[in-house]
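Here are my notes on the model you sent over. Have it open while you read.

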Amino acid sequence: MSATETVEVAVPTVTWSGQSVPRKEDKRLVQGQGVFIDDMKRHAMGYLHFVRSPYAHAHITSIDISAAEKHPGVYGTLTGEEVASLTDPFFQIASVPGANVKDYALAVGKVRYVGEPIVAVVAETREAARDASELVEVEFEPLDAVTDARFAQDGGVPTIHEDAGGNLMWHGVYEWGDLDAAFAEADKVVKIDELHFHRFNSTPLECDGALVEYNRGTGQWTLHTNNQFPGFAAIMMGPAMRTGLDKLRFVTQDIGGGFGNKITSHPQLVVCCLLARKLNRPIQWTEWRTDFHLSMSHGNERWFLDTEVAVKNDGTLLGFRTRALDDAGAYLRYEPLGGVIWAQVTPGMYKWRHIRVDFTQVATNKAPVSPNRGYSRMQHLWFTERVIDIVAHELDLDPVAVRKRNYISVDDMPYETPNGCVYDSGDYARMLDIALELIDYDGVDARRDDVESRGLLLGVGIGSTLDSGTNNFGQSRLINPELQFSGNNEVATVKLDIFGEIVVTLGTTPQGQGHETTAAQVVADILKCSVDDVHVRAGHDSYWNSHAGFSGTYASQFAVTGLSAVKGATEMLAAEIKKLASAVFGGVPVEGLELAEGGVRIKESPDAFLPFMACGAIINANNAGLPDDLDVTLNCRYVYRPPFQVPDVEKKFGNLTLTYATQIHVAVVEVDPETGSYDIVDYAAVDDCGKRINPQIVEGQVMGATAQALGAATHEQFAYDEDGNLLTPNFYDYHVPHALDMPALKTGYVESPSPFTPLGTKGMGEGGGAGIHAVCAAVQDALRSRGGAIVWDSCNPYHRVWEMIQNPAEAGGKVTVEPA
Amino acid sequence: MAVSTAKTITVTINGESYEREVEARKLLIHFLRDDLDLTGSHIGCDTGNCGACSVIVDGVLVKSCMMLAVQADGATVETVEGLAEGEQLSKLQQAFSDAHALQCGYCTPGMLMSATALLRANPHPSREEIRKALQGNICRCTGYWNIFEAVKAASE
């Protein structure tokens with residue numbers, strides 16, 4: 001059962017920060033009083049249902065909506081033809097050829113994946129909208145489907161986007177160091193034919209949705225939505241809808257999980273906006289579970305082809321070259337950013353300096369890929385971890401020793417990677433030791449004997465990962481030099497209201513990360529008050545003025561961007577409170593004042609005390625007689641801007657993220673060789689995310705990410721047949737972990753504060769990939785005595801393990817070792 | 001002319017009696033959420049897998065997306081909205097917060113109803129019994145470990 005052990009290394013603190021303060025969010029959520037998208041209602045609103053494509057690839061020859069429009073209760077419809085006349089195609093991040101893709105909010109002339117929205121139907125009830133959708137007549141001329149990225153550019157394969165002139169969406173070559181020298185210096189070259197990182201996503205329990213209202217008088221839309229990156233949605237939607245961003249107001253409150261999967265709902269939001277205007281009524285859209293699986297934000301499926309690794313006999317890794325191939329699916333909603341995001345962690349956790357990645361992204365007739373927890377780095381780190389364990393396997397070296405020999409050392413921090421990223425802090429070897437101790441690594445041999453006596457196979461696997469956080473959006477220029485994005489930002493406002501209420505607004509869109517709580521901890525420490533006195537508004541509202549271009553909750557950054565904005569705004573407020581008190585106290589210098597016990601006082605005579613209530617009242621409602629030059633509003637806005645430079649586009653060189661949280665996981669599995677089934681019998685997760693503001697929340701993220709990784713490693717996959725039908729469109733077929741699937745978990749942590757962030761924090765929400773790497777390594781370890789198959793796929797359900805036992809040469813990965 | 005399949009039903013929910021006309025096809029969860037605005041119970045899957053819509057009907061734990069509203073005619077239904085006594089959280093609700101057994105909170109109402117049903121039937125469950133009792137409820141945020149802790153704590 002769930003034994004949770006924590007290795008204590010931190011010193012107790014007297015500040016709110018560093019304590020597991022109970023979450024402010026919980027009281028409403030445990031009573032069912034959260035407000036999620038589908039909970040909202042408006043007078044005379046219409047329910048939206050999408051008619052979706054049954055074909056993976058087909059021309060649309062006709063659409064007849066007449067029967068649907070006559071159905072009782074139907075308010076109206078929207079077709080691709082209308083969308084094409086009312087909007088422009090979405091802006092493309094890609095350079096040519098992907099730049100030429102025309103992506104609209106509904107299919108125009110052609111469908112490119114099963115589940116693609118073709119027509120939207122709005123009706124008085126959910127049932128009427130669904131019934132009427134069945135009456136929409138669409139005629140198709142089916143085309144062959146492209147479902148395997150490896151063959152997407154072959155002759156005779158159908159072209160998915162004619163405007164792009166083929167299925168190639170993006171290609172770029174990354175090369176750093178001196179590959180020829182590295183391979184000349186090597187004793188051995190390990191060649192790995194193919195590795196495959198499979199398609200899955202985090203499947204948040206709440207699907208996408210929105211309630212969109214249109215104000216005819218002002219021409220302004222209010223989008224109550226669970227989109228987790230309104231800044232991105234706005235820059236996609238505004239130009240497409242030919243409207244200024246001031247007309248698009250995004251509001252979120254409670255969001256039922258996001259994990260990156262709720263970034264790219266902008267096409268559906270456009271449909272809602274157009275229908276709210278067309279039908280002059282609020283539009284309610286809640287995605288059905290099957291619709292989510294069919295169409296939303298699959299994680300990047302990636303192949304690593306023709307990999308060659310330069311290695312010394314002692315296990316010293318010198319470098320590698322590989323061809324990475326991303327299956328982007330049918331549209332480039334956030335892509336091809338996955339083609340560069342991985343470069344945040346180019347060498348993984350290792351010292352090799354000579355690296356070449358030839359990166360290609362192609363379109364296929366599958367759902368579009370978009371960010372998923374660990375976005376693009378998880379795929380690359382899985383690759384580097386696979387390489388480590390395959391090298392160790394082939395050269396008969398100890399995977400622990402190979403890691404320790406090659407890990408970047410704590411003494412080398414901050415460490416500049418071959419491509420100019422700067423790893424801020426961390427002690428990987430120490431974390432590995434803690435993880436190994438948690439699973440009693442020294443006792444593994446004895447345990448192996450015991451397990452084998454029961455007819456089973458024991459395997460131990462390590463997964464080490466980095467969770468790079470706080471993006472430098474300048475990396476987008478490595479994909480497309482024409483783009484004018486760089487840096488990052490986040491906004492917070494902190495004010496004292498008329499009765500002294502401390503009110504905080506954020507630009508973020510939390511989905512369970514506890515921002516209301518951790519923000520209050522930071523504020524309370526600066527204002528010297530209780531977290532209970534700090535009121536953090538729930539969610540996001542782009543009319544709060546606490547919002548900038550990169551606002552949102554994604555890419556492991558709140559602990560840096562969000563909390564640094566909170567810190568900045570609160571420090572401004574603290575300074576203003578002192579300025580005001582200085583005036584009220586007749587010119588006492590601000591240096592002689594201090595904040596304490598919910599107010600400000602004179603250090604030397606603490607009885608001279610001005611409570612926050614008095615400060616708020618004076619400035620907001622009783623300000624006659626204050627000095628003319630008193631520049632105080634008690635309403636402070638701060639924009640945090642991390643210290644970034646624009647990367648060198650030619651050399652593909654620069655710091656792409658500000659912080660690097662670290663995770664080391666160790667899995668112990670027992671495999672039944674008769675069936676291929678296996679259990680995770682012991683598991684340790686050790687995390688280092690620098691300074692932890694709320695340890696309980698941090699540990700919650702570690703646990704959740706671990707669970708998602710274990711699901712992905714063992715069962716979860718968006719599998720397609722050769723005609724492009726999704727075989728796992730619901731939770732029957734797409735098996736996420738249930739309570740009975742969870743192994744015992746042991747956790748530990750190290751705190752290596754980031755030297756680059758105002759609070760020493762690092763973003764840390766995505767560190768789950770380590771579980772996938774660890775399970776792959778453990779299965780491979782277990783199979784050593786049964787033919788020694790190489791694990792080449794990131795998902796290893798029981799049947800695949802059984803196949804690798806039955807036929808290790810064919811079912812396992814193809815690896816050769818050659819002298820250099 | 002379509003034949004109406006509407007029927008008037010009377011249901012007692014969290015101690016309050018509701019009389020409404022509903023279409024025969026309407027699911028209990030949609031009746032609760034859309035007709036009565038009791039939006040604490042959630043929908044996560046449409047196929048009966050996720051348990052976010054779990055409620056207690058006449059003392060029995062039910063996934064309310066797997067039951068028609070008309071089938072609840074005359075029944076007594078308990079939902080998450082009825083767990084707290086005024087401002088006072090139930091022991092289980094408090095334990096969920098204390099143990100950080102929720103993140104986004106979307107699965108939480110269903111999880112609480114399953115755990116409530118468990119603790120009524122078995123006030124001191126073993127950890128294995130807790131795991132079995134919650135296997136019909138999917139959580140994508142927590143990995144369940146803290147949920148097990150919370151239920152255990154509430155049972156002590």
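1. First, a term: a residue counts as buried if 20 or more other C-beta atoms lie within 10 Å of its own, exposed if 12 or fewer, and partly exposed in between, with C-beta atoms placed from the backbone. On that count, 61% of the 820 residues in chain A are buried.

2. Some housekeeping. This is a predicted model, where local features need pLDDT of at least 70, side-chain atom pairs count only at pLDDT 80 or more, and totals for chains, interfaces and linings use all residues. Residues are numbered from 1 along each chain as its sequence is written, while chains are lettered from A and ligands numbered from 1 in the order in which they are written.

3. On confidence, the model scores ipTM 0.98 and pTM 0.96. Chain B has a mean pLDDT (the predictor's confidence in each residue, from 0 to 100) of 97, with 98% of its residues at 70 or more.

4. Chain A holds 21 helices and 30 strands (DSSP runs numbered from the N terminus: H or I of at least four residues for helices, E of at least two for strands). Its C-alpha trace spans about 85 × 70 × 50 Å along the principal axes of chain A.

5. Chain A puts in 48 residues and chain B 46. Helices H1 (26-29), H8 (289-295) and H18 (695-714) of chain A each supply at least two residues of chain A's side; H18(A) gives the largest share, 7 residues.

Conventions
Contact = placed C-beta atoms within 7 Å.
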